[in-house]
Amino acid sequence: MSELLSTETRGPLLDPLINNGWTMVKDRDAITKTFIFDDFVDAFGWMTKVAIFAEKWNHHPEWSNVYRTVEVVLTTHDVGGLSSQDAKLARKMDSLL
């Protein structure tokens with residue numbers, strides 16, 4: 001089971017993500033990023049690739065898609081905030097671009 005990120009692990013796990021366009025969600029222990037693709041097919045294709053990893057890792061994003069834009073929020077509901085699973089999924093999302 002995942003656990004809430006400790007003070008010691010937050011920086012090393014989250015700083016590279018923040019430097020890559022992720023931001024903290026206001027009033028919530030979560031990170032968010034908006035991905036913009038060339039068109040709907042590219043956006044949906046990326047979401048499909050991400051969905052395979054999300055299902056395999058049993059860690060599913062909060063996301064929405066409108067045409068070529070995908071808005072993502074990551075948090076771990078079981079622990080009430082950010083866990084290493086969120087950082088792992090965020091890194092995978094970035095790598096699949």
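Guide: Helix H2 (residues 40-56) gives the most to the nonpolar patch, with three residues; helices here are DSSP runs of H or I with at least four residues, strands are runs of E with at least two, and both are numbered from the N terminus. This is a predicted model, in which local features need pLDDT of at least 70, side-chain atom pairs count only at pLDDT 80 or more, and totals for chains, interfaces and linings use all residues. Residues are numbered from 1 along each chain as its sequence is written, and side-chain values use heavy atoms, with hydrogens and water left out.

Visitor: Why is Val-41 called exposed?

Guide: Val-41, found in helix H2, has 61% relative accessibility and therefore counts as exposed, since that word means over 50% relative accessible area, while buried means under 20% and partly exposed lies in between (1.4 Å probe, protein chains only).

Visitor: What makes Arg-10 and Asp-29 a salt bridge?

Guide: Their side chains meet at 2.7 Å, N to O, and the term asks for a side-chain nitrogen of Lys or Arg within 4 Å of a carboxyl oxygen of Asp or Glu, so the pair qualifies. The pair links distant parts of the chain, 19 residues apart, with Arg-10 in helix H1 (residues 7-18) and Asp-29 in the loop between strand E1 (23-24) and strand E2 (31-36).

Visitor: Why is Arg-10 partly exposed?

Guide: Because its relative accessible area is 23%, Arg-10 is placed in the partly exposed class.
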